[in-house]
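Here is a friendly walk through some strands and how they pair up. Have a look at the sequence and the structure first, then read on.

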Amino acid sequence: MTESLSAAEARRIHLAAQSLARRRPAGRPGPARFREYLERQGVLQLDSVNVLARAHHLPVYSRFGPYDRERLDAWLWGSTENFEHWGHEASVMPRDLLPALHHRMRRSSSWKARTIDRLEAERPGLLDQVRDGVEAHGPVTAAELEHLAPRERRRGPWWDESHVKMALEYLFMTGEVAASRADHFRRTYDSPERAWGHAGAHDGDAWALPPEEAQQQLFDRAIAATAIGTVRDLADHFRLTSPATQGAGPRGGAWAASAVERGLASWVEVEGWREPALLATGALDPGRATASSLLSPFDPVCWFRPRLQRMFGVDYRIEIYTPAHKRVFGYYCLLFLHGDRFEARVDLKARRKEGVLSVEATWREPGRAPGSRRRDDASVAASLAAELRLMAGWLGLEHIEVQPHGDLAPALADALRAG
């Protein structure tokens, strides 16, 4: 007989797996907590947006509170425990997942085909030169190899037409060079032998997992990271299917069946869900969610919009690339988690030179988690104010300014003054 869960139980189980059901643990996080997070999630997404903080800094903060960001970066890229590649978009992952990413490095794609055709037509032989340059001098930045193919046009503000950069990205995506990060988030490139301890990705590599086995391993890791979800929810964790795909198809069904057969999960029905869900074996409902935290658009809880809508009643779209006059909530909105529901969203900006955390807009979350009751504005604003003070301290910002935009802005301004 298939087990049934309420919508609230499913939410709490998911938040507990994400280390977001309980208040943050005491103490300042270090490598042990960083490792705990990455091993559980399997992936930490990267993005160049830095209007508030780097994308990879925020999920760790959301769960563990203030920490030394330079210490996290040193562990992510200075340790032999991790590697960077295409996990859920550009990501850092634990080194033990490297064999499972081999098939993605070797898989053909239209971008790879277009890139190599263009390079061979416009700069024949450059790929070999760039590969040799990385082998001889790595780790290097693209700028340090620009002499191999000087730019033919000026660099633009939103694009980079460098042939060297194009060659490096192709070699990175195909696993022929390894990537890391230097100061100011600059990508560096090195030989896989130095970075990974063995040769780069090639067809027939002994260290690779076969594609079917690799995809199953990634699906299994997604079950452990999220604890509960539909097949499509779980497949999105490592982007095993396209975000636009309406279903995971036969492969998703096979991954799920294998996980159930091996005792990693069981099928459950969730109140209000149209599709059955997989529940991780041993997943626990904490009974009550007590955490409060701000979650960025690059947080695993926020990645997959259909799950966020179904589980929390939240319709969430990142508006960074939306023209300003068409934005609804703001350029860089974070969701405010309070208990087992999202109660508000805030558009935040760090004005570092002025030492100000600017709340550009503050909104009550218009969506409602299934079965939940609406809290009053004053209590939500008071809890949000406490979170903003904590975040400002973490970012080294002395002041918080609330702009008069959004339906919760007056209550938040009052709460900050009262505190």
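**Strands and their partners**

Strand β11 (residues 333-338) runs antiparallel to β12, and six bridges join the two. Strands here are DSSP runs (E, at least two residues), numbered from the N terminus, and two strands count as paired if DSSP finds at least two bridges between them. This is a predicted model, in which local features need pLDDT of at least 70, side-chain atom pairs count only at pLDDT 80 or more, and totals for chains, interfaces and linings use all residues. Residues are numbered from 1 along each chain as its sequence is written, and side-chain values use heavy atoms, with hydrogens and water left out.

**Around β12**

- Strand β12 (residues 341-351) is mostly covered, with 10 of its 11 residues buried (under 20% relative accessible area, 1.4 Å probe, protein chains only).
- Eight bridges join β12 to the antiparallel strand β13 (residues 356-364).
- Arginine 345 in β12 stands opposite leucine 335, and its bridge partner in β13 is tryptophan 363.

**Two hairpins**

- The hairpin of β11 and β12 has two residues between the strands, and glycine 339 in the turn has a positive phi of about 75°.
- The hairpin of β12 and β13 has four residues between the strands, and glycine 355 takes a positive phi near 70°.

- Strands β8 (residues 265-270) and β9 (residues 277-280) pair in the antiparallel sense over four bridges, and alanine 265 stands opposite alanine 280 in β9.

Notes
Buried < 20%, exposed > 50% of the residue type's maximum accessible area, 1.4 Å probe, protein only.
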